[in-house]
Amino acid sequence: MKVSVSILKEYDNLISAVKKVNKSSADFLHIDVMDGKFVDNKKFPLEVVKDIKSVSTKKIDLHLMVKDHNVIKEYAQLMPEYITFHVEIIDDFKLIDYVKSLGLKVGLAINPKTDINLLIPYLDDIDLVLFMSVEPGYGGQSFKEEVVEKIRKIKKIAPIDLIISIDGGINDKTIELCKYAGCDMVVVGSYVTNSKNYDDSIKELK
Ligand code: DX5
Ligand code: ZN
């Protein structure tokens, strides 16, 4: 299981959290960007993400909870490993093609209440699907179990190399549901960042 650590709840101690992730066995550093429109929270301006990226030794897994396609294009210039935006804000392939033209891997995120059939047209053209297991916007919420069956349905029809990731409410208990669902990767925030030792909690999940 790949682990991507979200530092959303460490906004006041970002650099120290990034360094702790550097020292751990995390596979990716997950950065959440919110525009105050797609979700009501507003976080991680471009300059802050730039600073984080310059300190991080991990590959960046950028999750954009934003409406405006131009904002996504701006953040794409930072050249993260994965750039994931929401299926709810697209109705064609233009943005996917743009991100791919930069040589980046592209992910589509989907909210708990969104119909999973929206994903189907894009499955052959993307690198990752990010299932939200909480309503996006805040860390520290509880895992919505109904996402498990949705993941299993998509997993059955998805190309074999499509990475299935999940974000929200992952801990030492809900990780079992993620494994059962067939996830390849988990995004974990507060369970890791509230722990005394990041690496111990990451290893528990792997
Ligand atoms: C929620 C964010 C998550 C969040 C996860 O909108 O996308 O990445 O930080 O935090 P936990 O693991 O605390 O639910
Ligand atoms: Zn996220």
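This is a predicted model: local features need pLDDT of at least 70, side-chain atom pairs count only at pLDDT 80 or more; totals for chains, interfaces and linings use all residues.

User: Which protein atoms are the donors of the zinc ion (ligand 2)?

Analyst: Start by listing the N, O and S atoms within 2.8 Å of the metal. Here the protein supplies His-30 through NE2, Asp-32 through OD, His-63 through ND1 and Asp-167 through OD. They lie 2.0 to 2.3 Å from the zinc ion.

User: And what geometry does the site of the zinc ion have?

Analyst: For that, look at the angles. Six donors count as octahedral if opposite donors are over 155 degrees apart and all others between 65 and 115. This site has six donor atoms with angles of 70 to 168°, and it is octahedral.

User: How are the donors spaced along the chain?

Analyst: Read the pattern as donor letters with gaps: H-x1-D-x30-H-x103-D. Within that, Asp-32 in strand E2 (residues 28-35) and His-63 in strand E4 (residues 59-65) are 31 residues apart, a pair that links distant parts of the chain.

User: Are Asp-32 and His-63 buried or exposed?

Analyst: Both Asp-32 and His-63 are buried.

User: Now ligand 1: which residues come nearest?

Analyst: Ser-6, Gly-137, Asp-167, Gly-189 and Ser-190, out of 19 residues around ligand 1. Asp-167 is also one of the zinc donors.

User: How much of ligand 1 does the protein bury?

Analyst: Compare with the ligand taken alone: ligand 1 then exposes 380 Å², and the protein buries 99% of that.

Definitions and conventions:
Residues are numbered from 1 along each chain as its sequence is written. Chains are lettered from A and ligands numbered from 1 in the order in which they are written. Side-chain values use heavy atoms; hydrogens and water are left out. Donors are N, O and S atoms within 2.8 Å of the metal (3.2 Å for Na, K and Ca); water is not among the atoms, so sites may look incomplete. Four donors count as tetrahedral if all angles lie between 85 and 135 degrees; four count as square planar and six as octahedral if opposite donors are over 155 degrees apart and all others between 65 and 115; anything else is irregular. Helices (H or I, at least four residues) and strands (E, at least two) are DSSP runs, numbered from the N terminus. Buried means under 20% relative accessible area, exposed over 50%, partly exposed in between (1.4 Å probe, protein chains only). A residue is near a molecule or strand if one of its heavy atoms lies within 4 Å of it. Accessible areas come from the Shrake-Rupley method with a 1.4 Å probe; for residues, only the protein chains shown count as cover.
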